[in-house]
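Have a look at the structure below, then read on.

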Amino acid sequence: QVQLVESGGGLVQAGGSLRLSCVASGRTFSSYSMGWFRQAPGKEREFVASIVWNFRNLRYADSVKGRFTISRDNAKNTVYLQMNRLKPEDTAVYYCAAHLSSVVHTTAPEYDYWGRGTQVTVSS
């Protein structure tokens, strides 16, 4: 029943910005905690950021802290990832994920639903 669709990826120069969006199906979107993960070829999926259902208790990976901002618009069933000052090491497929919990999760196995991903490529 729950579907997540990411968009907003693309090619950007180092130092540039992108805004990823994830649109979720389901009338209970506001009940889900949402997260962003990324995965580069040959590497495991890496936690990026998360936001709980009540908009509080945001969490960021150390590698993106201060550069990325996660937010959500429950009226639009959408979670966003604003990515600023992008670096080449940010290059990856970015995945939106969700779980029905009020606590922060930072590992992939803790999430129940996943989008197909959107490619972000940062050139130097």
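## Strand 4 and its partners

Let's start with a pairing: strand 4 and strand 9 run antiparallel to each other and share seven bridges. Strands here are DSSP runs of E with at least two residues, while helices are runs of H or I with at least four, all numbered from the N terminus. Two strands count as paired if DSSP finds at least two bridges between them. Keep in mind that this is a predicted model, where local features need pLDDT of at least 70, side-chain atom pairs count only at pLDDT 80 or more, and totals for chains, interfaces and linings use all residues. Residues are numbered from 1 along each chain as its sequence is written, and side-chain values use heavy atoms, with hydrogens and water left out.

Strand 4 also pairs with strand 5, again antiparallel, through five bridges. Trp 36 has a facing residue in each of these pairings: Cys 96 in strand 9 and Ala 49 in strand 5. Strands 4 and 5 make a hairpin with six residues between them, and Gly 42 in the turn has a positive phi of about 80°. Is strand 4 mostly covered or mostly open? Six of its seven residues are buried, where buried means under 20% relative accessible area, exposed means over 50%, and partly exposed is in between (1.4 Å probe, protein chains only).

## One disulfide

Searching the whole structure turns up one disulfide, meaning a pair of cysteine sulfur atoms within 2.5 Å. Its members are Cys 22 and Cys 96, with sulfur atoms 2.1 Å apart. Cys 22 sits in strand 3 (residues 18-24) and Cys 96 in strand 9 (residues 92-99), so the pair ties together parts that are 74 residues apart in sequence.

The torsion about the S-S bond of Cys 22 and Cys 96 is about -80°, so this disulfide is left-handed. Both Cys 22 and Cys 96 are buried.

## The nonpolar core

Nonpolar side chains tend to be buried together in soluble globular proteins. The largest nonpolar core here has 33 residues, and Met 34, Trp 36, Leu 81, Met 83 and Tyr 94 touch the most other members. Such a core is a set of buried Ala, Val, Leu, Ile, Met, Phe, Trp, Tyr and Cys residues joined through side-chain atoms within 4.5 Å. Strand 9 gives this core its largest share, five residues.

Four strands make up an open sheet with antiparallel pairing, in the order 1-3-8-7. Strand 1 (4-7) and strand 7 are at the edges with a single partner strand each, so one side of each has no neighbour in the sheet.

Strand 1 pairs with strand 3 in the antiparallel sense over four bridges. One of the residues involved is Glu 6, whose bridge partner in strand 3 is Cys 22.

## Out in a loop

Ser 30 lies in the loop between strand 3 and strand 4. Ser 30 is partly exposed, with a relative accessible area of 34%. Not counting residues up to four places away in sequence, Ser 30 touches Trp 53, Arg 72 and Asn 74. How far apart are the C-alpha atoms of Ser 30 and Leu 11? They are separated by 31 Å, and the two residues are 19 residues apart along the chain.

Notes. Contact means heavy atoms within 4.5 Å.
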